[in-house]
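Subject: Structure handover

Hello,

Here is the structure for your work. My notes on what turned up follow below it.

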Amino acid sequence: LRTSKASLNNLIGEDVNTEIELKELPIDVSFDAKQFDFEQSYQTALDSRKDYLASKKKVESTRRSLSIAKSGYFPTLSAVASYNWTNTALKFKDYNNQDNASIGLNLSIPIFSGFQTNTGVIQADQRYQTERSNLENTKRKVALDIKIALLDMQTAYENVQLSEENVKSAKEDLRLATERYNLGAGTVLDQITA
């Protein structure tokens, strides 16, 4: 039981030493996995699974990196402003200063960068495509995990239903063995076994 609790803590992302209090819930043996909406369960899983959310952020990050790499193909325009003050004489009687201000625009047009821009774009695009592929793999894994969980739940409920049938059958066997014993046709050992 302690091992199962530690495994459950690990599965839900808690510290393995966290105490868990289990409550026995009534089991509805009329369970049907089809009553659970796969799409809703899948969407809930996508909204909360850390691996999927991290993969989604990586795709967004590499998409932005690709945009930045592509910006190397475009001209850049920058504004420049400066102010300069100079005092040529340190004597106060012949005070002479010069103020100088300038404002300008710089336009840089990339003509040839030694294929560095092209190489950077190709590498950024490859990283982006890889992360998109990883995201799709993660989505498929989440879908598989949800489907397996629903099928396992269906199997578990079917096992409960089968166990209830076995209990009913065993009770009937006990009743019959008790009746045989009371009539003298059976032994105590048959009754105990039943």
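E60 and R63 pair through their side chains in a salt bridge, at 2.5 Å from N to O. Keep in mind that this is a predicted model. Both residues sit in helix α3, three residues apart, about one turn of the helix. E60 is partly exposed, at 28% relative accessible area. R63 is partly exposed too, at 35%.

The whole structure holds seven salt bridges. One of them links R175 and E172, again at 2.5 Å, N to O. These two are three residues apart in helix α4, so about one helical turn separates them. R175 is partly exposed at 45% relative accessibility, and E172 is partly exposed at 33%. Elsewhere, salt bridges with shared partners join R49, D51, K141 and D145 into one network. Within it, the side chains of R49 and D51 meet at 3.0 Å, N to O. R49 has a relative accessible area of 22% and counts as partly exposed. D51 is partly exposed as well, at 33%.

Now the helix packing. The axes of α3 (residues 50-70) and α4 (residues 116-183) come within 8 Å. They cross at roughly 165°. An angle over 145 degrees counts as roughly antiparallel, so α3 and α4 are roughly antiparallel to each other. Their crossing is left-handed.

Last, the surface. L77, L105, L107, I109, I111, F112 and F115 make a nonpolar patch of about 910 Å². L77 lies in strand β1, residues 76-87. L77 is exposed, with a relative accessible area of 60%.

Best regards

How values were computed. Residues numbered from 1 in each chain as written. Predicted model: local features only at pLDDT ≥ 70, side-chain atom pairs only at ≥ 80, totals over all residues. Heavy atoms only, no water. Patch = residues over 30% accessible without salt bridge, like charges linked within 9 Å, V, L, I, M, F, W, Y side chains within 5 Å. Areas by Shrake-Rupley, 256 points an atom, 1.4 Å probe, with all protein chains shown as cover. Salt bridge = Lys/Arg side-chain N within 4 Å of Asp/Glu carboxyl O. Helix = DSSP H or I, 4+ residues; strand = E, 2+ residues; numbered from the N terminus. Buried < 20%, exposed > 50% of the residue type's maximum accessible area, 1.4 Å probe, protein only. Axes fitted to C-alpha atoms, helices over the stretch in contact; angles between N-to-C directions. Parallel < 35°, antiparallel > 145°, perpendicular 65-115°, else oblique. Left-handed = near helix turned anticlockwise from the far one by under 90°.
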